[in-house]
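Please open the structure in your viewer and keep the sequence beside it.

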Amino acid sequence: MDAVLAHPGKGEYRQGARQFVEEVAVGPGTWDRLPAAVRETFVHNVPTWLDEQSDPDWAKIDTDALARCAAPVLLSGGTQSPVWSATVLDRLAAVLPRARRQTVEGAGHIPHVTHPRRYAAALTRFVRMS
């Protein structure tokens, strides 16, 4: 993330977004395959990443509050997601009383974008069982 965040610090939002997509979120070659509107959303959100990473509490999770969540929660990830993503999902699954995990084969950090049919099928199963 440090390399990704170096770009927006120099006003290079598009380059930072592209590097995030290809090296953190999804994988090499993905940027060019994304629809233009999705790419623009990533570019538009770059300032938010800067804000998040500047917050000293960005990685803290209020596990006590989550433990009180009564709603069913689907925690999804992909087999190609970054390692840190699975760690976050593990922590969430441990405290959310009605959480269910779903892994989308071949997907990375944003399975709803890269594998929409598989993601929709997983989400549909979750809703029907909840």
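**The largest pocket**

The lining of the largest pocket comprises eight nonpolar, three polar and two charged residues; here Ala, Val, Leu, Ile, Met, Phe, Trp, Tyr, Cys and Pro count as nonpolar, Asp, Glu, Lys and Arg as charged, and the others, Gly among them, as polar. The model is a predicted one, in which local features need pLDDT of at least 70 and side-chain atom pairs count only at pLDDT 80 or more, whereas totals for chains, interfaces and linings use all residues. Residues are numbered from 1 along each chain as its sequence is written, and side-chain values use heavy atoms, with hydrogens and water left out.

Select E52, Q53, W58, W84 and H109, which lie nearest the centre of this pocket among its 13 lining residues. A pocket is an open set of points on a 1 Å grid over the protein atoms alone, where a 1.4 Å probe fits, with protein on both sides within 12 Å along at least five of seven lines; lining residues have an atom within 4 Å of a point.

Next, select α4 (36-54), which gives the most to this lining, with four residues. Helices are DSSP runs of H or I with at least four residues, and strands are runs of E with at least two, numbered from the N terminus.

**R98**

Finally, select R98, in the loop between α6 (83-95) and β2 (99-104).
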